[in-house]
Amino acid sequence: MTRKRIVILGSTGSIGINTLKVIERFPQQFQVVGLTACNNYRLLEQQIHRFAPSHVAVAKQGMDYLRRHVNGRKTKISDVSADIEEIASLTSADMVVIAMQGSAALKPFLSAVRAGKTVAPANKEALVVAGNILMKEAERHKARIIPIDSEQSAIFQCLEGQDRRRLKRICLTASGGALLNVPESRFDQLAVHEILRHPRWKMGKRITVDSATLMNKGFEVIEAQHLFRCRVEDIEVVIHPEAIIHSMVEFQDGSIIAQMGITDMRLPIQYALTYPERWKSGLKGIDFFKLKRLSFEKPDLEKFPSLALAIYAARNGGTLPSVLNAADETAVDAFLGGNIPFTGIYKVVEKVARKHTIVRSPSLKDVLEADQWAREEARGFIYH
Ligand SMILES: NC(=O)c1ccc[n+]([C@@H]2O[C@H](COP(=O)([O-])OP(=O)(O)OC[C@H]3O[C@@H](n4cnc5c(N)ncnc54)[C@H](OP(=O)(O)O)[C@@H]3O)[C@@H](O)[C@H]2O)c1
């Protein structure tokens, strides 16, 4: 049996590490051919020793260190900012897992689909920023996209074998994040580490903050709109604090199919890697008798205005989602650095979004320019 050859972009992050854990369980089935990281060259070094990829890329300051420490191995070491697109389209790769954070994933994502790879994105920013462009290019180059983001994986699984024309709506579930039961009046009194304590998922910092504002859920609405080619009006966000149902789809006959599982990203990662097969994961299942009940609530759009803003951006499209993502990333960084309060995140993003003139049917250049413009505007609002 030939092994599936895998590239992981962002192998040192939460999703990247979990992807390598899945791969480690199936050494006869998977081979790692490429890994990329940004600053964490020490972890990348360990991964090179463990998985022996032929290509790696890291930020410039880590390259010398790796050259000295992985000497003797046949691993080509390159600069992540210059060479990531090349690694995303390696001829020796079958599948590219996009586990890196931020809109920096857009170009390598595009490069992977243009090379006709099977692409497994956990990254949501690329689809938010340029979903239309990516999906069109994927279609043109017959590149299959199997999402890893747990809600998108759930929807993908629920739609498997179904007639998509009979889809009535998607119910995108949300655990509600760290602030679901915290009164709004206390938001700015909470320390950064309290916001970073997600009740259900252990993730990178930005996505954890975005889960607290519900901006993350808004980004997922935009992601789902592109991945499943549906209208924003047909996607409903449902707060489901137990986070057992990862999303549902309803068909025109009124039947609803839900995908459930424990909150462990190795599940959707493994599904993408083994698709269309399902292999033993070794993960524990759900004990329904301990769980007892599943609950659902409507999202409170006044308490969490970022969700409403993202849905507005999904409806309006063009360059607005790119602006929203860039302004949000800048504002979240400022919050994590102690430069703005928690509620300042929304205020910054809203101001930048209001100031933006939307470019309809944007080119790649347009979305990238909108991204840069939004970052500068956001920095202006934060630091002046
Ligand atoms: N974590 C989850 O459970 C989860 C669930 C669903 C979706 N997602 C999505 O998956 C993506 C990754 O999330 P995460 O939680 O794994 O993030 P994370 O833990 O912060 O990891 C980010 C990864 O991206 C790399 N990276 C950061 N900036 C980069 C750049 N400019 N160029 C190249 N590589 C860069 C980092 O490298 P260094 O560490 O070496 O600096 C690291 O490997 C995000 O888009 C997130 O929204 C995550």
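**View 1. Ala243 sits buried in a loop of this predicted model.** Ala243 has 20 other C-beta atoms within 10 Å. A count of 20 or more is the cut-off for buried, so Ala243 qualifies. Its loop runs between strand S8 (235–239) and strand S9 (245–251). Ala243 is not a glycine, yet its phi is positive, at about 50 degrees. Most residues other than glycine have a negative phi.

**View 2. Ala52 is another alanine with a positive phi.** Here phi is near 45 degrees. Ala52 lies in the loop that links helix H2 (41–51) with strand S3 (55–58). Is Ala52 buried or partly exposed? Ala52 counts as partly exposed because it has 14 C-beta neighbours inside 10 Å.

**View 3. A cis peptide bond joins Tyr275 to Pro276.** Omega of this bond is near 5 degrees. Most peptide bonds are trans. Pro276 belongs to the loop between H11 and helix H12 (288–291).

**View 4. Helix H11 (residues 266–274) is mostly covered.** Seven of the nine residues in H11 are buried. They are Leu267, Pro268, Ile269, Gln270, Tyr271, Ala272 and Leu273. What do these buried residues pack against? Their partners are H1, strand S2 (30–36), S6 and helix H7 (150–159).

**View 5. Strand S5 (residues 95–98) is buried on both of its faces.** Met95 and Val97 point one way. Val96 and Ile98 point the other way. In a regular strand the side chains alternate between the two faces of the sheet. S5 pairs with strand S1 (residues 4–9) in the parallel sense, over four bridges. In that pairing, Val7 stands opposite Val96.

**View 6. Strand S6 (residues 118–121) also pairs with S5 in the parallel sense.** Four bridges join S5 and S6. Met95 stands opposite Thr118, and Ile98 stands opposite Pro121. How does the chain get from S5 to S6, and with which hand? The path runs through helix H5 (residues 106–114), and this β-α-β crossover is right-handed. S6 has buried residues pointing both ways: Thr118 and Ala120 to one side, Val119 and Pro121 to the other.

View 7. Now look around Ile98 itself. Leaving aside residues up to four places away in sequence, Ile98 touches Leu9, Ala105, Phe109, Val119, Ala120, Pro121, Ala122, Asn123 and Ala126.

Methods. Residues are numbered from 1 along each chain as its sequence is written. This is a predicted model: local features need pLDDT of at least 70, side-chain atom pairs count only at pLDDT 80 or more; totals for chains, interfaces and linings use all residues. A residue is buried if 20 or more other C-beta atoms lie within 10 Å of its own, exposed if 12 or fewer, and partly exposed in between; C-beta atoms are placed from the backbone. Helices (H or I, at least four residues) and strands (E, at least two) are DSSP runs, numbered from the N terminus. Two strands pair if DSSP finds at least two bridges between them. A crossover is right-handed if, with the strands pointing away from the viewer, the path from the first strand over the helix to the second runs clockwise. Two residues are in contact if their C-beta atoms, placed from the backbone, lie within 7 Å.
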